[in-house]
Amino acid sequence: MKINKTVGVMGGLGPMATVYFFDMVVRLTDAKSDQEHIDMIITNRATTPDRTDYIIEKSEDSPVEVLIKDAKKLEQYGTDFLVITCNTAHYFYDQISQSVDIPVINIIEETVRYAKEKGHKKLGILATTGNIKTKLYQNMCEKYDIDYLVLDEAKQKLIMDIIYKDIKSGNNADMDKFNIVIKHLKENNCDGAILGCTELSILKNDNKLDNEFYIDSLEVLARKTISFCDKKAK
């Protein structure tokens, strides 16, 4: 009898992005019955201290202990590997992965690798200020020899407003602000935009953005999760 893998999902970072990830894995899995779907155990640790606030020294509350505690709990529950549904939390990736004896999929690397495979030459990086400050995507783009563009302070503020004031606050994304940023990327020869924050993945889904220009990190993670479980994606 084939033994199915169980994925441990470190979620709540934020909650809606976790719901979107769960929904996407179910919808993308090529399954004809309940039993052909993926076994998942999800933590929705919404009270985890904000990753960006800690990274930019706006807060002294470190999320790393909470993240490690949840990673260990998921391992104890019998999961075979972990995913973290937050790009910025990957600043703590090494500490998390070293705290457990099971694999932890890296959303940053999987997203940039996917962009490389799709032939992208220059990517606009749309992510939290914490992510940008720690150069998570910049360093990974350099590793895979892909050029990139980081937003100036004014346009980065537009993205942060969309993430925090709109989506994390339960509101619709201000697409006028978003389109200002995208126009800037295209004027600077970007052939793709990394949606490097899971709230931006929600924006893409809600506004039915295309898959050619927009690289949805959460969808990349969902598809990797499916393949890691030896399942086929639609």
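The model is predicted, so local features need pLDDT of at least 70 and side-chain atom pairs count only at pLDDT 80 or more, while totals for chains, interfaces and linings use all residues. Residues are numbered from 1 along each chain as its sequence is written, and side-chain values use heavy atoms, with hydrogens and water left out.

The sheet comes first. Helices (H or I, at least four residues) and strands (E, at least two) are DSSP runs, numbered from the N terminus. An open sheet is formed by 3 strands in the order E2-E1-E3, with parallel pairing; two strands pair if DSSP finds at least two bridges between them. Strand E2 (39-44) and strand E3 (81-84) are the edge strands, each pairing on one side only. From one strand to the next, the twist averages 20°. Strand E1 (residues 6-11) and E3 run parallel and are joined by 4 bridges. Met10 has Ile84 as its bridge partner in E3.

Two helices lie across these strands. Helix H1 (residues 15-28) lies across E1, E2 and E3 and runs at about 175° to E2. Helix H3 (residues 64-76) also lies across E1, E2 and E3, at about 160° to E1. Axes here are lines fitted to C-alpha atoms, for helices over the stretch in contact, and angles run from 0 to 180 degrees between N-to-C directions.

The loop between E3 and helix H4 (93-98) contains Ala89. Ala89 counts as buried because its relative accessibility is 0%; buried means under 20% relative accessible area, exposed over 50%, and partly exposed in between (1.4 Å probe, protein chains only). Not counting residues up to four places away in sequence, Ala89 touches Arg51, Leu67, Ile84 and Ile96, where contact means heavy atoms within 4.5 Å. Leu13 is 76 residues from Ala89 along the chain, and their C-alpha atoms are separated by 8.4 Å.

Next come the spaces in the model. On a 1 Å grid over the protein atoms alone, a cavity is a set of points where a 1.4 Å probe fits but cannot get out, and a pocket is an open set with protein on both sides within 12 Å along at least five of seven lines; lining residues have an atom within 4 Å of a point. Grid points are joined across faces, edges and corners, and a volume is the space filled by probe spheres set on the points.

By this rule there is 1 cavity of 30 Å³ or more. The largest cavity has a volume of about 80 Å³. Of the 13 residues that line the largest cavity, Arg51, Cys86, Thr88, Thr128 and Lys168 lie nearest its centre. Helix H2 (51-55) and helix H10 (198-206) are the elements that give two or more residues to this lining.

The largest pocket has a volume of about 210 Å³. Its lining includes Tyr20, Asp23, Lys204 and Glu219. H1 and H10 are the elements that give two or more residues to this lining, and the largest share, 5 residues, comes from H1.

The second largest pocket holds about 160 Å³ of space. Among the residues lining the second largest pocket are Asp53, Lys58, Lys157 and Tyr164. Helix H8 (residues 153-167) gives the most to that lining, with 5 residues.
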